[in-house]
Amino acid sequence: MLSVFNSINNAFCNTLGISSYMQGVVVLMCINIIAVLGMSVLTGFTRLFSFGNAGFMSIGAYTAAILTVRYDVNFLVAIILGAIAAGFVAFCLGSITLRLKGDYFLITCLGFGECVRVLFNWTKNLTGGSAGFPGIPAYSNMLFSVVCCILAFFIAWRFIHSKYGRNLTSIRENEVAAQAVGINAFRTKRLSFVFSAIYAGWAGAIYAGYLMYIVPSAFNLGKSCELITTTVIGGLGSLTGSVLGAILVTVLPEVFRSMANYRMLLYGIAVVLVIMFKPSGLYGYKEFSLKRTIAWFRNIGKGKGKPAAAEGKEDK
Amino acid sequence: MFFQQLITGISVGGIYALLATGYSLIYSLLDFSNWSHGEFAMVGAYVAIVFSTMLPFPFLVAAMLGVAGGALVSWLTEKVVYRRIRSTGGPNMFLMIGAMGLSSVFQQAANLIFTGQYRSYPFKLPVSTIKIAGAYIGVLDLISLIITAVVLIFLMYIINKTQFGLNVRGIACNQWGAKILGVKVDSCISKVFILAGCLAGVAGILYGAKYNVWPTMGNIGLKAFISSVLGGLGSVPGAILGAVLLGIIETLVSAYVSSSLRDFFSFALLIVILLVKPSGLLGVDVQDKA
Amino acid sequence: MKKSLATILSAVMILSLAACGGNSTAPATTQAPATEAPKAEATEAAAAETEAAAEASDEGPIKIGYVGDLTGGTALWGTAGQYGAELAAKDINEAGGIMGREVVIVPMDGKGDPSDSVSALKKLIDDEHVVASIGTNFSSCNIPMASVADEKKIPIIATAASNELVTVDENGNLHPYSFRLCFIDPYIGEVIGSYAAGTLGYKTAALFTVAGNTNSESVGAIIENVFTSKGGEIVISEQCQEADMDYRAQLAKIGAKNPDVIFVLMNDYAKLATFAKQARELGIESMLMGHDGWDSAQLAGEAGGALEGCLYISRIGFNTPEAAAFGDRVTELYKMESREAECLFTRDGVYWIKDAIERAGSADPTAIRDALESTEKFEGLIGTLVEDPATHNPAMACALFECHGDAFEYKGIVEAE
């Protein structure tokens, strides 16, 4: 089944002239988008900051890898199980740590991410340790990743615009008031944490199928920091902003790749500039809206610049 | 052997403590984690390297210039970047993200200017050890512990006994209130950053003297962050306590549990401590971010 | 309607980015802004691209890629490799090039990260149309890169990546397009373990490795097996974390067991020196033995006597006059502060490819691959390389070094017993 799957993808890409390098970039983009969508729900809509979501990616990746390689499980099932495993661990961890506030919660998440990495390095028989886990079947071709990405966006959107999503935003705005209205803050936060973990695990599982080889150090603190930075740059409280942020974060290092030695410096400067001059992120707190975009273009013509929130009174 | 491990733990913690002090100072004032604090230390260390190896200055002068360098970069960062971010409103997390970006910029810049080559100061600091009650302790470790203690006393004096310290505490409590009462908030914050930068510079030079100087040496700032959390964010003595405790925990876990899984058990222990004392050991009550 | 609009637009953004990327026929170094490309143009573009790739191997400059860590934590090594390759190319071009054609080195940053290195390699192959690529020195990067090389049929030569899986996959199948310039972990582990137990006659040993470091842990595991099979005993095994600078906790435990020798498998000379100094501070007098991670000109000086009399086994490195001369030229020309062995590896990589092209009579990637595999003997600055067609693992001599005063002295060749 996998070979049929891959040949469909190859046929599609060859007709469009998409090089394998670009396919790789798109797959990485989709992986980042899914992980960042999860972070967006957690950070943008619930205002919880976690520096350990790379650990959930790692759990998702290794679960999917072990299942597909050692137990010959179908890759779709393996990915789902990987995401669920990550969510389950988040449920347990969140139950313990979500009572902590602010930076304390952040540190426990950071610690969790590091613990996962250290543990997977140590369990050589299960995960291959630092030598890595090779031989994962190549199920993450471009089409599949894009489909996953669209599906993830769809689900996240529905979630945010549902009863649960509204609970999240109410906690973000004013936790005490939300509790007064009867929302169980702890349970809602935990739900949001689990959601972000499931998405991170999903992204990790796709990563495993893309590179076909995983090492624990690929999911380190730097990765978690990158997820947070991307979410903030995309705009806290905007799913489309997060998508855009993730695309940018994947594409920027590629754009700079030819300036080999200066790559990371320029990337860091870009981050600082965005946060200094447009801290609400690329999309601010709002979602992408066709009406507002058209109104904006119209107002340029009128020489007014940004429309004074006139047209398109959008629901968030 | 237990006593040796304890001594080792305290000396490791002593190195973290100096960095944690400056870090915690900024936190207690502005309520944000200065992720680039470690890089201020790195800059201080490099400035001292430049003056002592590339230019013929005596080491003590170079060290003072290094401390000044750390203070300068700290002050500049606050003035150019953080002030701007603060003025646009928004959660303190933005300051942290800005700090993260800056940390990367500093590291890359140092890498490009100095290359990843390890640098050392041009003299042999006393690397000898002395024996106390059957345990070895490095002379340099003792020196840094003493310096940390002196700095702490000095800091406590400033914070508790001077007008400046009163202003700082006022701003930490309520920025607007302090402004109304006539405190020059911005200038005060600048001074605190200069102070924190000096502390970072000293930490950087000591660390560089004990080991080496290299572009990513600022990553030790993460330990300072963890120490501050452990000791209680918003409390400078707490940060120092947290740092020493972190050093001891790491060493004892490494010695008696597992050196391979040291970080695993250390973090697990940290989580347990935080569950018992959710605001850290000496912490004041903290509100959620943003 | 709004949400479906948003999802459709996202999908279109992503796909158009991909499609436009495929449009570039000339070697593109920057991405064009996202625009839609009509299908007819795109198919033409695809055809033109494969043509350009074919052209690249027939005339015009010969492009050889180099993937290394140019901006990350080990950028010193990566940039040394880049400069070594570039200097080798310069020398070759001054002598007339390869079969009359100019050699061009195209460096790409891989940050030492597996997925980043894979992207770098793919960009070199798809956009730059390299005929072969050198790098990296990380096994964790080269293992996934090997699959890409096989799929795209472009040979890659790893420099110091020593894990077995780089050239032979986990099922024992050869990666036909993946080669390397160094000995593998099992080999050096064997040499060290048998030398310590056999020639030096040590009975008890401590093993000290870096947790999470592929090379350190796998060599350590081999040494442990070989040492115990020759009658020795590993009395204690400790680890440190990659970023650690303080080893006294572990050293106190090691000291308590008083082993004859401590195998210290670290790759960073400053940390090694610190380890040795802290060991001596704690009163530990045991012999310290290391592997090729000790290979640095600054180690002995940095340790300041703490490593007196200690040994390590590694490649011959800068200890021949030719290698030393090349190393000096690199440091002088590119204003580096010290010699890093990676420049010797990449120089050998470039010359090996040149040798292969000349033997094959063509710069076609598959022809290069066949010529590399059938190499009988290649004399490089690293040593004499004898290729094994079944595993692509070269047989290269190991050398023993002993510390005296401010430097490590070359004592001679050692082999597994």
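The model is predicted. In chain B, the mean pLDDT is 86. Chains A and B touch through 32 residues of chain A and 37 residues of chain B. In chain C, five strands form an open sheet with parallel pairing.

**Confidence in chain B**

- In chain B, 96% of the residues reach a pLDDT of 70 or more.
- Helix H2 of chain B (residues 37–54) has the highest mean pLDDT among the elements of that chain, at 93.
- Strand S1 of chain B (residues 129–132) has the lowest, at 76.
- Where pLDDT is low, the predicted coordinates should not be read in detail.

**Contact between chains A and B**

- The contact takes 37 residues from chain B and 32 from chain A.
- On the chain B side, the elements that give two or more residues are helix H3 (59–87), helix H4 (93–114), helix H9 (221–231) and helix H11 (262–276).
- H4(B) supplies the largest share of that side, with 12 residues.
- By class, the side of chain B that touches chain A consists of 24 nonpolar, nine polar and four charged residues.

**Sheet in chain C**

- The strand order of the open sheet is S2-S1-S3-S4-S5.
- The edges are strand S2 (103–109) and strand S5 (178–180) of chain C; each has a single partner strand, so one side of each is left without a neighbour in the sheet.
- Neighbouring strands of this sheet are turned by 25° against each other on average, direction ignored.
- Strand S1 of chain C (residues 62–68) pairs with S2(C) in the parallel sense over seven bridges.
- Lys63(C) stands opposite Val104(C), which belongs to S2(C).
- Helix H12 of chain C (residues 342–360) lies across S1, strand S3 (132–134) and strand S4 (156–158) of chain C, and runs at about 160° to S3(C).

**Helix H6 of chain C**

- H6(C) covers residues 185–199, 15 residues in total.
- From its first C-alpha to its last, H6(C) reaches 20 Å, close to the 21 Å expected at 1.5 Å a residue.
- Of the 15 residues of H6(C), 12 are buried, so the helix is largely enclosed by the rest of the structure.
- The buried residues of H6(C) include Asp185(C), Tyr187(C), Glu190(C), Ile192(C) and Tyr195(C).
- Gly189(C) and Gly193(C) are also among the buried residues of this helix.
- Gly201(C), which follows H6(C), has a positive phi near 65°.

How values were computed
Residues numbered from 1 in each chain as written. Chains lettered and ligands numbered in written order. Predicted model: local features only at pLDDT ≥ 70, side-chain atom pairs only at ≥ 80, totals over all residues. Contact = placed C-beta atoms within 7 Å. Helix = DSSP H or I, 4+ residues; strand = E, 2+ residues; numbered from the N terminus. Nonpolar A, V, L, I, M, F, W, Y, C, P; charged D, E, K, R; others polar. Expected span 1.5 Å × (residues − 1). Buried ≥ 20, exposed ≤ 12 C-beta atoms within 10 Å, placed from the backbone. Pairing = 2+ DSSP bridges. Axes fitted to C-alpha atoms, helices over the stretch in contact; angles between N-to-C directions. pLDDT = per-residue confidence, 0-100.
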